[in-house]
Amino acid sequence: MLKEILSDLLKQAIAKAQENGKLPIVPLPDIVIERPQKTEHGDYASSISLKLARAIGTNPMAIAKEIAACIPATAEIGAVSVAPPGFINFTLSKTWLACQVDNILKAANSYGNITYGAGKKVQIEFVSVNPTGPLHIGHGRGAILGSALANALSAAGFNVEKEYYVNDAGTQIDTFYRSLWARYQQQFEVKVDVPTDGYVGAYMIDVAKEIIVEQGDRFMKLPEKEAIAALGKIGLEKMIGKIRADLETLRVTFDVWFSEKSLYANGQYATAMKLLRDAGYLTEKEGATWFVSTALGESKDNVVIRSDGTPTYFAADIAYHYNKLVERKFDQVIDIWGADHAGHVSRMKAVLTALGLDPERLDVILGQMVTLRRGGELVKISKRSGEIITLQELVEEVGADACRFFFLCRSADSQMDFDMELAKKQSSDNPVYYVQYAHARISSILKLAKEHGIDYSQGDVSLLCHDPEQNLIRKMITLPEMIEVIAKTLEPHHLTYYAQDLATVFHAFYKDCRVMPSQKSTAPVTDEEMAVTKARLKLVEAAQTVLGRTLNLMGMTAPDKM
RNA sequence: GCGCCCGUAGCUCAGCGGAUAGAGCAUCGGUCUUCGAAACCGGUGGCCGUGGGUUCGAAUCCCACUGGGCGCACCA
């Protein structure tokens, strides 16, 4: 990647300057290559001389000049300059930039892929909502974050597995079973109430009705205990099926649906608990078993096994993470949780330490709360009043593409407003359409070229030397850098900004540079004009590749027409 | 009380140690006889919550304060 090439060049230049006695030998700080905000400062810059100035004790401008003088000429660099207070600025070579168009076309849909991840096994676990109710909009944010991050990490060279942890054990499942049994009986005019702690939502009635359509009243004839278990199991499958279908309409899919129950069946729960006990991190208190998190600097201990002998959610999660890191040997595990689970993070990390694992192997991304609005008006999403807007309703109203873009365009750790009115607008106000429109425009140019039978495969990219063309190429070649940033920070929101920037430079190019020869003109097309057309068609196709890839990473469609 | 996240343009938010702080929307004004005007160009608009500190250099790092959100169960 360019940044590495430049930082290597600087390293060599400094070494050379030191050999020549132009610079004293001092310990080298990290060489950071950054992108200047102002275009007149070039494409890349380094402040290395400002940092060296401290150690050397002379003025940074002089140091910068010495270093710059030792930078050898390379294909990539067009110019090196020094600017106060001591920056070394690099401008990319015009011919090198133009050549990148051919590289992009050659790489096609793999353009942007990098080797940063080195094939490391990464698991991203997200959504993982209890299968006891429908997904709401907050879950949508986690779903999109996870699926886009997975795409980006794959592009960054990681071996990624997406997982949904199904909480199919524990008290909430028992409650779900009893609630469903009540709704089922009600369909047969039995006077029973949904348990007071139960799930009262109308969707439970729908599930009960569905089961009756498929299986009739056969559960009414079973002993109650048996009926609850059998009915519940079917209901649970149906709920999971609904969740899966909801997510699929958002183009969110998983490689593994992992059952919590399986941790008890295969003995891994017991193994994890034994490891903690042997390491001295479990203690009995008030009839329950506690994880002694205070021994690891936490503010309080946590119950792992209740006094009635049942494991808590925390205990299951301990076994689950033991399974991920020890049994399945993921190099890195990323959990995406809602902000309401923030308190769970440090506990979970403490558990890993207690199990003798490196807590750095676990990253937790907390998606902050989402508020819904229509234009200026807040949409209440109170569970109690039953006004809750489900994820399904949101997707139906605004569409999967807009949903994905809007959930993605804010960093996970800031709360977000989701404006349904804006997301639905089919106009320039809406960034979703702005980006997709650029793609459609490109398709339409390429279609026109095809209709005219123009074969541009031999187009000469060195003709692409005008500013609008070069600026477009400049933006395109930062795709790999952007992917690396996401891999390092686990912040997929950069995708949306990149997509908008790319669309902007494309539209600017389109305005300034005509691609196809004018159809209205009566004069015959000259050879020079045709050569430019062919070069620009290559550029346009490359732009489509990069924009399409970006949309693809966001999980959005790249339409040929709108 | 303790912990985590946030406070940047009228609004929604990027930027998270570098050069004159950015985008979209809103607002004001320009641009269609030629590849899609769902587009482009320009103007207005900022004590980057407040106060200290570190640094050659701070919106960015540290401390205190302040406003908002979320946690602090033998719930998940």
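**Domain contact and salt bridges in a predicted model**

At 36% relative accessibility, Arg 35 counts as partly exposed (buried means under 20% relative accessible area, exposed over 50%, and partly exposed in between, with a 1.4 Å probe and protein chains only). The model is predicted, so local features need pLDDT of at least 70 and side-chain atom pairs count only at pLDDT 80 or more, while totals for chains, interfaces and linings use all residues. Residues are numbered from 1 along each chain as its sequence is written, chains are lettered from A and ligands numbered from 1 in the order in which they are written, and side-chain values use heavy atoms, with hydrogens and water left out.

The side chain of Arg 35 meets that of Glu 481 in a salt bridge, 3.3 Å from N to O (a side-chain nitrogen of Lys or Arg within 4 Å of a carboxyl oxygen of Asp or Glu). Glu 481 lies in helix α18 (residues 479–489) and Arg 35 in the loop between β1 (33–34) and β2 (44–46), so the pair ties together parts that are 446 residues apart in sequence. Helices (H or I, at least four residues) and strands (E, at least two) are DSSP runs, numbered from the N terminus. Glu 481 is buried, with a relative accessible area of 10%.

Chain A is assigned domain 1 (2–92), domain 2 (171–249) and domain 3 (431–553), with bounds from an automatic or database domain assignment. The C-alpha centres of domain 1 and domain 3 are 32 Å apart. Between them, these two domains bury about 440 Å², 40% of it on carbon and sulfur atoms; buried area is the accessible area (1.4 Å probe) that two parts lose on being put together, summed over both. On the side of domain 1, Arg 35, Asp 43 and Leu 92 lose the most area to domain 3, together 54% of what that side buries. Two salt bridges are found across this interface. Asp 43 also takes part in a salt bridge, with the side chain of Arg 474 (2.4 Å, N to O).

The structure holds 23 salt bridges. In one of them, the closest N and O atoms of Lys 242 and Glu 210 are 2.9 Å apart. Lys 242 lies in helix α8 (residues 224–249) and Glu 210 in helix α7 (residues 203–215), so this pair ties together parts that are 32 residues apart in sequence. Lys 242 is partly exposed at 32% relative accessibility, and Glu 210 is partly exposed at 28%.
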